[in-house]
Amino acid sequence: MKPIIEITDLYFSYDNKNLAINNLNLIIYEKEWVAILGHNGSGKSTLAKLLIGLLEPLRGTIKVNDKILSQETVYDIRRETGIVFQNPDNQFVGSTVADDIAFGMENQQISREEMKKRIDKYIKKVRMEAYLQHEPHLLSGGQKQRVAIAGALAMDTKVLVFDEATSMLDPQGREDINTLIQELKNDGDKTIISITHDIKEAMLADRVVVMKEGTVVATGKPTEILKDETLMKDCGLDVPLTVKLSQELKKYNIINDIYVNQEDLVKSLWEYSLIK
Ligand SMILES: Nc1ncnc2c1ncn2[C@@H]1O[C@H](COP(=O)(O)OP(=O)(O)O)[C@@H](O)[C@H]1O
Ligand SMILES: [Mg+2]
């Protein structure tokens with residue numbers, strides 16, 4: 001696997017006193033889907049902003065696609081990295097939804113015709129086709145997130161960063177977006193970094209990275225990380241219900257393992273009921 005993002009000894013401070021990013025090291029490989037988990041204030045959004053050069057590190061380096069992020073490379077890197085921010089309000093510039101999606105593509109030298117094609121394709125993917133001519137600021141939070149996602153996808157970048165991009169959506173909306181990310185993943189040429197609170201979304205990722213106090217404290221397969229109750233609690237994260245339930249059932253020797261995945265838990269309960 002080839003690294004696409006390499007972060008080395010990264011430090012950042014907003015106030016020259018407290019470190020929002022504190023000696024962070026992380027490699028993300030091409031075509032990986034990485035979910036970043038961490039309590040509020042652990043530095044996830046700061047990391048996302050550093051990644052696209054919106055903030056400048058105090059120390060350390062970020063390499064994207066073999067280019068070290070600097071004033072000279074920042075525009076190239078932004079052309080290769082789509083991002084959906086946590087608060088979509090900061091992301092709208094156009095007077096209509098369609099303008100807004102077009103905006104991201106504007107400095108990519110894409111023909112008008114191709115732009116229109118992509119706008120139509122991605123607005124449908126996020127189920128917002130009825131709103132193309134609407135004013136973005138009049139949309140609900142969830143609708144804004146959908147439009148922001150369509151905008152990032154339309155840029156067709158190698159790397160996509162979603163910073164809690166589905167936090168304002170209802171469960172169905174979240175599932176739609178997760179399906180969409182899964183499709184992108186299956187198409188097979190994108191690297192996806194999703195900062196999320198959603199356990200289901202983290203379960204779908206290839207790898208989970210856990211952040212605490214501005215640094216990476218653990219990384220591994222979603223099932224390994226999510227069933228590590230000590231780690232999850234130590235990082236202020238919710239232990240999945242399936243894990244808590246497994247622990248109770250294990251105490252009574254009903255099952256032998258801790259399950260993160262609901263289907264696996266149900267399966268082992270079936271096995272137990274058949275033995276009895
Ligand atoms: N614009 C800002 N000015 C000053 N401090 C900030 C700013 N944004 C975030 N911080 C601080 O930096 C730390 C990391 O914040 P953030 O990256 O937003 O965390 P997360 O996204 O994981 O919730 C927190 O202590 C937060 O209070
Ligand atoms: Mg954040």
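In β8, Thr191, Ile193 and Ile195 point one way, Ile192 and Ser194 point the other way, and all are buried. This is a predicted model. Strand β8 covers residues 191–195 in a parallel pairing with β7.

**Strand β8 and its partners**

- Strand β8 is mostly covered, with five of its five residues buried.
- On one side, strand β3 (residues 33–38) pairs with β8 in the parallel sense, over four bridges.
- Isoleucine 36 has isoleucine 195 of β8 as its bridge partner.
- Strand β7 also pairs with β8 in the parallel sense, here over five bridges.

**Strand β7 and the crossover**

- Strand β7 spans residues 159–163 and is mostly covered, with five of its five residues buried.
- Val159, Val161 and Asp163 point one way from β7, while Leu160 and Phe162 point the other way.
- In a regular strand, side chains alternate between the two faces of the sheet.
- Strand β6 (residues 81–84) runs parallel to β7, and four bridges join the two.
- Valine 84 stands opposite phenylalanine 162 of β7.
- A right-handed β-α-β unit is made by β7, helix α6 (residues 171–187) and β8.

**The nonpolar core**

- The largest nonpolar core holds 67 residues.
- Ile101, Ile149 and Ala150 have the most contacts inside this core.
- Helix α5 (residues 141–154) gives the most to the core, with seven residues.
- Leaving out residues up to four places away in sequence, alanine 150 touches Ile101, Tyr122, Ile123, Lys125, Val126 and Met128.
- In soluble globular proteins, nonpolar side chains tend to be buried together.

**The shell around ligand 1**

- Residues around ligand 1 are Tyr14, Ala20, Gly38, Asn40, Gly41, Ser42, Gly43, Lys44, Ser45 and Thr46.
- By class, this shell has two nonpolar residues, seven polar and one charged.
- Helix α1 (residues 44–51) supplies the largest share of the shell, three residues.
- Helix α1 is itself mostly covered, with six of its eight residues buried.
- The buried residues in α1 are Lys44, Thr46, Leu47, Ala48, Leu50 and Leu51.
- Lys44 and Thr46 are around ligand 1 and are also buried.
- Glycine 53, which follows α1, has a positive phi near 75 degrees.

**The antiparallel sheet**

- Four strands form an open sheet in the order β2-β1-β4-β5, with antiparallel pairing.
- Its edge strands are β2 (21–29) and β5 (67–68), each pairing on one side only.
- Strand β4 (residues 59–64) pairs with β5 in the antiparallel sense, over two bridges.
- Within that pairing, valine 64 stands opposite lysine 67 of β5.

- Most residues other than glycine have a negative phi.
- Asparagine 16 has a positive phi of about 60 degrees, although it is not a glycine.
- Asparagine 16 is found in the loop between β1 (3–12) and β2.
- Asparagine 16 counts as exposed because it has 7 other C-beta atoms within 10 Å, where the cut-off for exposed is 12 or fewer.
- Asparagine 23 also has a positive phi, near 55 degrees, but lies in strand β2.
- Asparagine 23 is partly exposed because it has 14 C-beta neighbours inside 10 Å.

**Proline 222**

- Proline 222 is found in helix α8 (residues 222–226).
- Proline 222 counts as buried because it has 20 other C-beta atoms within 10 Å, and the cut-off for buried is 20 or more.
- Not counting residues up to four places away in sequence, proline 222 touches Ala202, Met203, Ala205 and Val208.
- Proline 222 and valine 266 are 44 residues apart along the chain, and their C-alpha atoms are separated by 19 Å.

Technical notes
Residues are numbered from 1 along each chain as its sequence is written. Chains are lettered from A and ligands numbered from 1 in the order in which they are written. This is a predicted model: local features need pLDDT of at least 70, side-chain atom pairs count only at pLDDT 80 or more; totals for chains, interfaces and linings use all residues. A nonpolar core is a set of buried Ala, Val, Leu, Ile, Met, Phe, Trp, Tyr and Cys residues joined through C-beta atoms within 7 Å. Two residues are in contact if their C-beta atoms, placed from the backbone, lie within 7 Å. A residue is near a molecule or strand if its C-beta atom, placed from the backbone, lies within 6 Å of it. Ala, Val, Leu, Ile, Met, Phe, Trp, Tyr, Cys and Pro count as nonpolar, Asp, Glu, Lys and Arg as charged, and the others, Gly among them, as polar. Two strands pair if DSSP finds at least two bridges between them. A crossover is right-handed if, with the strands pointing away from the viewer, the path from the first strand over the helix to the second runs clockwise.
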